[in-house]
Amino acid sequence: MMSRRVQSGFAVPQKWCSLVSSSHGETLARFEAEKTMKKPDCVTRTSCKVCGSEIVPYFDLGDMPLPDDFQSAPGNDVRRFKLELAYCKGCHLSQLTVDVNPDLMFRDFPWESSVSKPNLEHFQELASIASERLGMKRGDVVVDIACNDGGPLDQFSPYEVVKVGVDPATNLIELAKTKGISTINEYWTPAIADGIVSSFGKAKIVTATQVFGHVANIREFVAGLKVVLAEDGTCIVEAPHHVDLINGTLFDTVHHEHPSYWLLHSADTLFRKHGMMVYDVEKTSVYGGSLRMFVGHEGKHEIKPSVAKMIASEEEGGFYSFERYQGFGTQAANFRANVRRFLTQLKADGERLVGFGAGAKGCIALNYCGLDSSFLDHVIDETEGKQGMYIPGVDLKVVGMDELDANDVVFILSWNFSEAIIERSKIAKGHVVPLPELVMHRTRRSA
């Protein structure tokens, strides 16, 4: 085994031919072969990705564009794929019935995590938790899966740990390199995990906070966690809690980039199939309500009461029964009618409406609700790579903050960051927050 070292721009696959152990040689060979194969644009799923049980559809949004398939000009033809949510009768996982080829979504990804101050603050909190509660110390290996531009992982720098980031987006991994992070420009697999172990050693901390719901082949993903994690290590896995999606009618968090929608029971079932377990859990406000799961090897951590308590809460709420989900489509349709009626009235009153947040949620909300240029003048987003482009399906132009006017009423599409957006765009006349409930805030102006 090679000695541990910090290696910026970790090469794949050339350096790995000598790094991967014999136990994973077959996995790497399959990984390399699959990279050269032509993959279909999408595949239809008829059974659960976790337990193989039957899945039953309950929310159909129709054919939708890929949320980050921005267009260079209005009127372009866009790729559309069926967007339908189904329930597993076995482990209760909700999942899409059509999985889109990840290369169409993640190889060139337009969102830079460092643009979001709340996102960086979130990772500062995780770094503190890892140090104070999970025993992380100087020199430990910390791996971030879907590291994006490296901004979140950079929040671990004060702790003097070895930082390794993995992400399939070539444009983002180049930004992560500039922050001194050792990077791997690929999807997470057991072969990638094995290469990290060979080069850096086992990871004390693995963060998977913006990826767990994005993975179609989730069993291979967890198999990679099993490989890379130290015996006493912890994976901090976060994902939107499906309880909050259903309770809050957060339909816009359903999109092709999110093939899985997690309950704690479903996640723990998956981890236990791989000799791992959720040993602690807590809720966060991220994305309208998320699970923060602390995952380790079976038998290596004491299981906290929080796990049984959360599972009992899910069961008491009816989330292990298909009947709980059957009315969701009607709830979403009612929201669509209400928001169109509300915005139509604002337009009739002479208000100028602009959107804020050209993310995946925004694309789905705009397309599902039919909100185009007859409702909004444009959409503001601070990610420079999106500016000048058009949101697929509705042809709304993305512009920068310099286009914000004091007479604008801002329709906040990235509602999970509504407080920060309201502060950032406080010169506007008012703000509309659509979810988890439709609310308008008027700006108070001094005389």
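What follows is a set of questions and answers on how the labels for this protein are reached.

Q: What kind of model is this, and which residues and atoms count?
A: This is a predicted model, in which local features need pLDDT of at least 70 and side-chain atom pairs count only at pLDDT 80 or more, whereas totals for chains, interfaces and linings use all residues. Residues are numbered from 1 along each chain as its sequence is written, and side-chain values use heavy atoms, with hydrogens and water left out.

Q: How many helices and strands does the protein have?
A: The secondary structure comes to 13 helices and 20 strands, where helices (H or I, at least four residues) and strands (E, at least two) are DSSP runs numbered from the N terminus.

Q: How do you know whether the radius of gyration agrees with that of a compact globule?
A: The radius is taken over C-alpha atoms, and the globule rule is 2.2 Å times the number of residues to the power 0.38. For 447 residues a compact globule would have a value near 22 Å, and because the protein has 22 Å, the two agree. Along the principal axes, the C-alpha atoms fill a box of roughly 70 × 50 × 45 Å.

Q: What makes the contact of H6 with H7, and how do its residues divide?
A: On H6 the contact is made by Pro190, Ala193, Asp194, Ile196 and Val197, and on H7 by Glu220, Ala223, Gly224, Val227 and Val228, contact meaning heavy atoms within 4.5 Å. These residues divide into seven nonpolar, one polar and two charged, where Ala, Val, Leu, Ile, Met, Phe, Trp, Tyr, Cys and Pro count as nonpolar, Asp, Glu, Lys and Arg as charged, and the others, Gly among them, as polar.

Q: Is Leu376 buried or exposed, and what does Leu376 touch?
A: Leu376, in the loop between helix H12 (360–369) and strand E15 (379–380), has a relative accessible area of 0% and is therefore buried, as buried means under 20%, exposed over 50% and partly exposed in between (1.4 Å probe, protein chains only). Not counting residues up to four places away in sequence, Leu376 touches Leu353, Val354, Gly355, Leu366, Leu396 and Phe411.

Q: What is said of phi at Asn148 and Glu160, and how is each residue classed by accessibility?
A: Asn148 has a positive phi of about 55° although it is not a glycine, and at 5% relative accessibility Asn148 counts as buried. Glu160 also has a positive phi of about 55°, but with a relative accessible area of 45% Glu160 is partly exposed. Most residues other than glycine have a negative phi, and most peptide bonds are trans.

Q: Which residues does a cis peptide bond join?
A: Such a bond joins Leu435 and Pro436, with omega about 5°.
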